[in-house]
Amino acid sequence: LWGRERWTIIDFEGEPAKTLEERRRPDSPWRDVAGLFRSIDYATSRHSDPLSPEPVAWAEQARDAFWSGYCGTNSSVPKVVTAYEIDKAIYEVGYELRNRPEWVDIPLGALQRQLRTAPAPSNDKE
């Protein structure tokens, strides 16, 4: 939304590049959780230094608060949610390149963070 002097992000559109029929199909609730987590990431991008401790801590608190309220527990987020977050960020890269190329760093940054924190693949062949 355009304010008096700047843009403000309100991210509830889902996946606008998909058809209405595709967006109306039932899907996993974990995809919705991942979408909300991605919205939190977009919100921190408006900070003057989005990777500084303050917005990073805010995002972690917001994610934890949502997760705790959604699940009624402080359990860890299942790997499937992380997979959906990665899927959503990949979608966002294409969307941003087509519509707002100056914002492509937001989903690219999320993908880079996911790759840095992902567990190393196992070489077990047993």
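Analyst: Quick ground rule: helices are DSSP runs of H or I with at least four residues, strands are runs of E with at least two, and both are numbered from the N terminus. This is a predicted model in which local features need pLDDT of at least 70, side-chain atom pairs count only at pLDDT 80 or more, and totals for chains, interfaces and linings use all residues. Residues are numbered from 1 along each chain as its sequence is written, and side-chain values use heavy atoms, with hydrogens and water left out.

User: Which residue takes a positive phi just after helix 3?

Analyst: Helix 3 covers 53–71. Just after it comes a positive phi of about 70°, taken by Gly72.

User: How many helices does the protein chain have?

Analyst: Read along the sequence, the pattern is α-α-α-α-α. With zero strands in the chain, the helix count is five.

User: How far apart are the end C-alpha atoms of helix 3?

Analyst: The expected span is 1.5 Å times one less than the number of residues. For the 19 residues of helix 3 that works out at 27 Å. The model agrees, since the end C-alpha atoms of helix 3 are apart by 27 Å.

User: Within what arc do the buried residues of helix 3 fall?

Analyst: Buried means under 20% relative accessible area, exposed over 50%, and partly exposed in between (1.4 Å probe, protein chains only). On helix 3, Pro55, Ala59, Ala62 and Trp67 are the buried ones. The arc is taken from the directions running from the helix axis to the C-beta atoms. These residues line one face of helix 3, because seen down its axis they fall within 125°.

User: What is the distance between the ring centres of Phe66 and Tyr70?

Analyst: Rings of Phe, Tyr and Trp (its six-membered ring) pair if their centres lie within 6.5 Å; planes under 30 degrees apart are stacked, over 60 edge-to-face, and the rest tilted. The structure has six aromatic pairs. Phe66 and Tyr70 have planes at 25°, so they are stacked, with a centre distance of 5.4 Å.

User: Are Tyr91 and Tyr95 buried or exposed?

Analyst: Phe66 is partly exposed at 26% relative accessibility. The rings of Tyr91 and Tyr95 also stack, because their planes are at 15° with centres 6.4 Å apart. Both tyrosines sit in helix 4, four residues apart. As for accessibility, Tyr91 and Tyr95 are buried.

User: Which residue lies over the face of Phe37?

Analyst: A charge sits over a ring if NZ of Lys or CZ of Arg is within 6 Å of the ring centre and within 35 degrees of the ring normal. Phe37 belongs to an aromatic cluster with Trp30, Phe66, Trp67 and Tyr70. At 3.9 Å from the ring centre of Phe37, the residue over its face is Arg63.
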